[in-house]
Protein chains: 2
Amino acid sequence: MRVAVTIREVARACGVHISTVSRTFSAPHLVNPETRSRVLACAQALGYRPNRAARALITGRTHNIGLIVADIANPFFPPMIKAAEAAARDRDYHVFIANTNEDPAVEEELVHALAKQVDGLVLCSPRMDDAVITRLRREVRLVTINRRVAGLPAVVMDVAQGARRAIAHLTGLGHRALALLTGPSGAWTNAALRRAATLAARAEGASLTVLGPNPPTESGGAARAEQIARAGVTGVLAYNDVMAIGLIDGLSALGVQVPRDVSVVGIDDIALGRLTRPKLTTVATPTARAGRIAVDLLLAPDDDPGRQVTLDTDLVIRDSTGPAPHLARAATTDR
Amino acid sequence: MRVAVTIREVARACGVHISTVSRTFSAPHLVNPETRSRVLACAQALGYRPNRAARALITGRTHNIGLIVADIANPFFPPMIKAAEAAARDRDYHVFIANTNEDPAVEEELVHALAKQVDGLVLCSPRMDDAVITRLRREVRLVTINRRVAGLPAVVMDVAQGARRAIAHLTGLGHRALALLTGPSGAWTNAALRRAATLAARAEGASLTVLGPNPPTESGGAARAEQIARAGVTGVLAYNDVMAIGLIDGLSALGVQVPRDVSVVGIDDIALGRLTRPKLTTVATPTARAGRIAVDLLLAPDDDPGRQVTLDTDLVIRDSTGPAPHLARAATTDR
DNA sequence: AGGCCTCCTGCAAAGGTTTGCAGCAGACGT
DNA sequence: ACGTCTGCTGCAAACCTTTGCAGGAGGCCT
């Protein structure tokens with residue numbers, strides 16, 4: 001196996017010095033075009049591929065980046081990962097993926113473990129404290145997604161704006177008793193969402209019951225179904241689509257219909273939301289774009305370190321929201 | 001940034017030779033317990049972490065593995081990736097993820113690119129020719145998932161068995177005109193599925209219309225809806241759940257109801273299948289287990305290279321399958 | 001006392017590549 | 001004819017570890 005053809009063998013086969021072979025690949029303009037093509041031919045024939053570990057050892061650049069996510073099985077992440085991976089490959093970079101399982105301690109440990117092996121790390125919705133992140137950044141270049149840390153490049157999706165639109169949409173449909181299903185307490189977007197939703201509800205003259213924190217999963221949403229049903233709430237905004245879908249599922253098990261009895265809005269616009277019934281009304285976040293931009297920020301030369309990019313979100317109205325029940329009833333039964 | 005404390009500085013701080021520091025980490029039993037703990041203390045204080053690239057350079061082992069998948073956004077893969085990543089981390093390995101976008105050429109190129117950076121590669125449902133894979137394996141250790149190549153370790157899920165059960169389930173419900181929605185032509189499981197379904201249908205005395213190849217996506221399934229509706233088929237087995245869900249969606253857009261008019265069975269049992277309505281009847285494949293076993297095969301010492309593990313599948317009956325329409329009609333309208 | 005063995009540590013080579021420096025040949029200007 | 005400059009190539013050190021070998025100290029046996 002491991003035949004491992006090295007620069008040395010190419011050099012011998014070609015009758016040149018190893019440094020010439022090296023330059024053929026890493027600084028082609030320094031070598032005579034004719035020599036260069038001869039070297040390339042030899043390399044091709046021998047199946048030579050530069051050893052990235054050796055290269056990394058001397059240049060200090062690995063041509064690898066890492067992506068640290070809470071849970072790759074959460075459908076929010078794959079499109080982001082995919083886009084990031086494509087962007088990385090465009091620049092001849094490879095990407096490590098690491099799962100934290102929503103655990104800040106694992107997260108920190110993974111940053112350490114990966115630090116020496118990558119030129120930079122993208123932290124996707126990290127749950128660590130700001131202080132920890134600030135300490136970690138001395139070890140390795142960092143970019144965050146959906147998290148603002150002072151002085152650190154970031155790309156964040158404007159969930160606050162999305163939350164405002166979602167609340168306005170619900171109140172516009174006549175809903176006055178609203179609820180917010182929050183997500184994990186460590187998530188930065190969770191705090192932003194909570195703040196924005198509270199303000200928006202107040203501005204619209206609606207009440208807002210905040211329920212959380214919840215695990216950002218289907219069952220995390222479903223677990224709140226009974227509480228929602230009992231509270232007389234008619235409009236719900238959930239931390240993400242998965243929770244929203246879980247909630248709808250939980251409600252229907254209780255005989256509460258969406259959107260007839262309760263309207264539900266999610267966040268993220270995962271592909272799944274178009275396939276469940278009713279189709280989910282949601283705040284679409286440009287996750288793929290975020291992934292791409294994050295690696296650009298990581299890999300592009302820094303004109304402005306600490307640059308933070310905010311991405312607009314969009315309210316996509318589908319079938320999980322409808323007029324508030326008392327209005328609907330008034331229209332049909334004039335009670 | 002990059003302070004990069006090396007073995008040398010630890011050695012100096014500790015008053016020992018670098019080799020002693022090295023051994024403290026890579027062969028602790030060779031160093032005096034007292035010295036060892038002194039070295040560990042120094043290393044800890046200085047924040048030393050072994051440089052894996054340098055280590056890889058000399059040992060030839062990178063402590064990395066790679067996972068090559070067709071499309072990480074396909075919900076079939078994330079649970080597998082997650083399990084593989086966990087299994088790898090248990091052995092102090094990290095994992096590269098690479099997306100091929102269903103393109104065999106990209107796949108091959110990625111194997112080359114990753115070969116020098118990993119101790120082994122897991123190919124998840126590869127689309128390359130056997131000959132290509134056989135050539136590639138001289139470059140790097142390989143394990144395949146859902147693909148059998150002579151002499152190569154593999155873990156495959158027994159879709160043939162699943163297909164037989166699915167067909168039997170459908171015929172048991174009275175369906176006689178069946179269809180099979182196949183997947184990508186390069187996929188090994190696709191061929192296995194086709195063969196098994198054809199045989200099973202014949203054995204059960206049902207007709208089987210084979211429609212494909214299709215892209216293994218939601219729209220790939222939806223695109224066949226009209227054809228299915230027109231063909232008078234009442235039972236369908238799809239290459240995977242995503243296609244099955246797409247088909248159901250497409251059928252309902254045509255006014256064809258599942259399972260009243262047509263019964264649909266998927267394969268994979270992705271989480272999504274429990275959330276769509278009707279809940280999907282499907283052949284459950286143990287994807288997470290497959291991921292774990294694949295990295296075990298890759299990393300465990302070889303008692304039997306070329307070992308191929310077959311994993312049982314399970315038919316999970318939910319709400320997308322029901323009695324054949326003529327039977328249902330006969331029961332209610334005694335026509 | 002001598003020999004041998006065990007336990008630990010130091011020495012130095014090796015792994016594949018990059019890169020600053022130096023050298024060489026030829027071109028060009030004067 | 002000489003000097004300078006440019007374009008290309010070779011030399012060798014360096015990056016950080018691991019590891020086979022050797023050597024030293026001390027213990028134990030005969």
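Reader: What makes a face of α2(A) the buried one?

Author: The model is predicted. In it, A:Thr20, A:Val21 and A:Thr24 are the buried residues of α2(A). Buried requires 20 or more other C-beta atoms within 10 Å. Down the helix axis, these residues fall within an arc of 100°, so they line one face of α2(A). An α-helix has 3.6 residues a turn, so residues three or four places apart point the same way.

Reader: What do the buried residues of α2(A) pack against, and what sits on the face turned away?

Author: They pack against α1 (7–14) and α3 (33–46) of chain A. The face turned away carries A:Ser19 and A:Ser26, which are exposed.

Reader: How do you know that the buried residues of α1(B) are on the same side?

Author: The buried residues there are B:Ile7, B:Val10, B:Ala11 and B:Cys14. Their arc around the axis is only 100°, which puts them on the same side of α1(B). They pack against α2 and α3 (33–46) of chain B.

Reader: What follows α1(B)?

Author: B:Gly15, with a positive phi near 75°.

Reader: How do you know that the two copies are related as by a two-fold rotation axis?

Author: Chain B can be laid on chain A by a turn of 180° and a shift of 0.1 Å along the axis. The RMSD is 0.2 Å. The copies are thus related as by a two-fold rotation axis. The same surface serves both: 97% of the contact residues of chain B recur in chain A.

Reader: How many residues are in contact between the chains, and what makes a pair a contact?

Author: The C-beta atoms of a pair must lie within 7 Å. On that test, 37 residues of chain B are in contact with 38 residues of chain A. Two or more residues on the chain B side come from each of α4 (52–59), α5 (77–90), β2 (94–99), α6 (104–115) and α12 (241–253). β2(B) gives the most, with six residues. The chain B side has 20 nonpolar, seven polar and ten charged residues.

Reader: What makes Val122 stand out in the largest nonpolar core?

Author: That core has 181 residues, and A:Val122 and B:Val122 touch the most other members. Neighbours within four places in sequence aside, A:Val122 is in contact with residues including A:Ile65, A:Leu67, A:Val143, A:Ile145 and A:Leu298. In soluble globular proteins, nonpolar side chains tend to be buried together.

Definitions and conventions. Residues numbered from 1 in each chain as written. Chains lettered and ligands numbered in written order. Predicted model: local features only at pLDDT ≥ 70, side-chain atom pairs only at ≥ 80, totals over all residues. Contact = placed C-beta atoms within 7 Å. Helix = DSSP H or I, 4+ residues; strand = E, 2+ residues; numbered from the N terminus. Nonpolar A, V, L, I, M, F, W, Y, C, P; charged D, E, K, R; others polar. Least-squares fit on C-alpha atoms with pLDDT ≥ 70 in both. Core = buried A, V, L, I, M, F, W, Y, C linked by C-beta atoms within 7 Å. Buried ≥ 20, exposed ≤ 12 C-beta atoms within 10 Å, placed from the backbone. Arc of directions from axis to C-beta.
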